[in-house]
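Biologist: I am new to this structure and would like to learn how to read it, one feature at a time. Could we look at it together?

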Amino acid sequence: MIDRRVLLFGTAAAAVEVLAPATSADTGFPSRRWVKIVFVHTGERFNNLYCADGAYIIPAIQQFSWTCRDFRAGQWKWIHPWLMDLVFVLHWEYNKDEIKILSGYRTPQTNAQLEGAALNSQHVRAMALDIHIPDVDSDAVARDFKTFIYGGTGMYPGRGFTHFDFGPLRSWVG
Ligand SMILES: [Zn+2]
């Protein structure tokens with residue numbers, strides 16, 4: 001029932017406690033998790049369970065990764081499931097409706113063509129998402145979460161999104 005890939009991702013479950021304070025005695029995080037997103041450039045949606053009984057559901061992560069692919073290049077890469085956990089927490093924190101994704105994975109070629117994108121962007125590693133939560137101020141999201149996420153938080157005032165990644169711990173204003 002549990003295959004190798006699930007075990008591979010299993011280590012991520014422990015680290016999720018960094019993302020969310022413990023609320024129960026065992027893992028401190030709901031063992032059943034879902035996200036509902038739309039990738040704005042294609043209008044494609046992912047609205048599904050991606051974690052059940054504390055184990056990531058590999059086909060769901062694959063589908064989420066495809067939805068958040070480099071649409072310019074038509075290529076995808078496995079998105080780190082911690083990012084899905086982050087989106088799950090954002091649902092909890094702000095609303096229970098659809099969250100917009102502006103950027104997920106980018107090929108190095110696409111990334112190099114984007115104005116203002118860092119050369120060593122975590123998007124190239126599929127470790128970053130640019131997120132817009134409808135009716136929530138993006139700068140406030142960055143402020144709320146930069147002390148909460150063990151990774152990168154980028155605030156882009158006036159541009160309507162917040163960048164999150166699981167690279168080194170840092171925050172910036174773009
Ligand atoms: Zn970004």
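Biologist: What is the order of the strands in the open sheet, and what kind of pairing does the sheet have?

Modeller: As a general idea, strands of a sheet pair through backbone hydrogen bonds, either parallel or antiparallel. Here, in what is a predicted model, the open sheet has 8 strands in the order β3-β2-β1-β4-β5-β7-β6-β8, and its pairing is mixed. The edge strands are β3 and β8 (170-173), each of which pairs on one side only. Strands are DSSP runs of E with at least two residues, helices are runs of H or I with at least four, and both are numbered from the N terminus; two strands pair if DSSP finds at least two bridges between them. Residues are numbered from 1 along each chain as its sequence is written. Because the model is predicted, local features need pLDDT of at least 70 and side-chain atom pairs count only at pLDDT 80 or more, while totals for chains, interfaces and linings use all residues.

Biologist: Which pattern does the chain follow when it is read along the sequence?

Modeller: The chain holds 5 helices and 8 strands, and along the sequence they follow α-β-β-β-α-α-β-α-β-α-β-β-β.

Biologist: How many bridges join β1 to β2, and which residue of β2 stands opposite W34?

Modeller: Strand β1 (residues 33-39) and strand β2 (residues 44-52) run antiparallel and are joined by 7 bridges, with W34 standing opposite L49 in β2. The two form a hairpin with 4 residues between them, and G43 in the turn has a positive phi of about 75°. Next, β2 pairs with strand β3 (residues 55-56), again in the antiparallel sense, over 2 bridges; C51 has Y56 in β3 as its bridge partner.

Biologist: Where does D53 lie, and is D53 buried or exposed?

Modeller: A residue is called buried if 20 or more other C-beta atoms, placed from the backbone, lie within 10 Å of its own, exposed if 12 or fewer do, and partly exposed in between. D53 lies in the loop between β2 and β3, and D53 counts as exposed because it has 10 C-beta neighbours inside 10 Å. Its phi is near 55°, a positive value in a residue other than glycine. D135, in the loop between β5 (128-132) and α5 (138-145), also has a positive phi, of about 65°, although D135 is not a glycine; D135 is exposed, with 7 other C-beta atoms within 10 Å.

Biologist: Which residues are buried in α3?

Modeller: Among the buried residues of α3 are W82, L83, L86 and F88. In the chain, buried residues make up 34% of the 174 residues.

Biologist: Where in the chain is confidence lowest, and where is it highest?

Modeller: pLDDT is the predictor's confidence in each residue, from 0 to 100, and where it is low, the predicted coordinates should not be read in detail. The chain averages a pLDDT of 86, with 84% of the residues scoring at least 70. Confidence is lowest in helix α1 (residues 4-19), at a mean of 42, and highest in helix α2 (residues 58-67), at 98. Over residues 1-25 pLDDT stays under 50, and for them the model has 31 contacts beyond four places in sequence, a contact being two residues whose C-beta atoms, placed from the backbone, lie within 7 Å.
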